[in-house]
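Welcome, and please open your viewer. We will walk through one chain together, stop by stop, and look at what each selection shows.

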Amino acid sequence: MWQLLILVVVIALVYLMARSKSKPTKKIDVPEIVIVKCQSCDLNLPISEAFKNDDGWFCSENRECQNL
Ligand SMILES: [Zn+2]
């Protein structure tokens, strides 16, 4: 009787391991785009289009915001 119980436990463990392995792993290939906020007009824009200043990020150079 004990052998049957052990067999059931082993099958359950194998089943759980197989299920956890087959879980689809989400892999993000797209590089994450960092969004920064303009300190003057609160516009959110990608870091590649933003300008860094001593006070933070701005949507345009010399703080001449496009949205003001
Ligand atoms: Zn701005």
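Before going on, two notes on reading the model. Residues are numbered from 1 along each chain as its sequence is written. This is a predicted model, in which local features need pLDDT of at least 70, side-chain atom pairs count only at pLDDT 80 or more, and totals for chains, interfaces and linings use all residues.

**Colour by confidence.** pLDDT is the predictor's confidence in each residue, from 0 to 100. The chain averages 84, and 88% of the residues score at least 70. Among the elements, β1 has the highest mean pLDDT (94) and α1 the lowest (87). Where pLDDT is low, the predicted coordinates should not be read in detail.

**Select residues 2-21.** This is helix α1, with 20 residues. At 1.5 Å a residue, counted as 1.5 Å times one less than the number of residues, the helix should span 28 Å, and its end C-alpha atoms are 29 Å apart, which agrees. Is α1 largely in the open or buried? The number of buried residues in α1 is zero, so the helix lies largely in the open. Here, a residue is buried if 20 or more other C-beta atoms lie within 10 Å of its own, exposed if 12 or fewer, and partly exposed in between, with C-beta atoms placed from the backbone. Of the 68 residues of the chain, 6% count as buried.

**Select F58.** You are now in strand β4 (residues 56-58). F58 is buried, because 22 other C-beta atoms lie within 10 Å.

**Select N44.** This residue is in strand β2. N44 counts as exposed, because it has 10 Å surroundings holding 11 C-beta neighbours. Leaving aside neighbours within four places in sequence, N44 is in contact (C-beta atoms, placed from the backbone, within 7 Å) with I35 and K37.

**Finish at D42.** Look in the loop between β1 (35-37) and β2 (44-46). D42 is exposed, because it has 10 C-beta neighbours inside 10 Å. What is the phi of D42? Its phi is positive, about 65 degrees, although D42 is not a glycine. Most residues other than glycine have a negative phi.

Definitions and conventions. Helix = DSSP H or I, 4+ residues; strand = E, 2+ residues; numbered from the N terminus. Contact = placed C-beta atoms within 7 Å.
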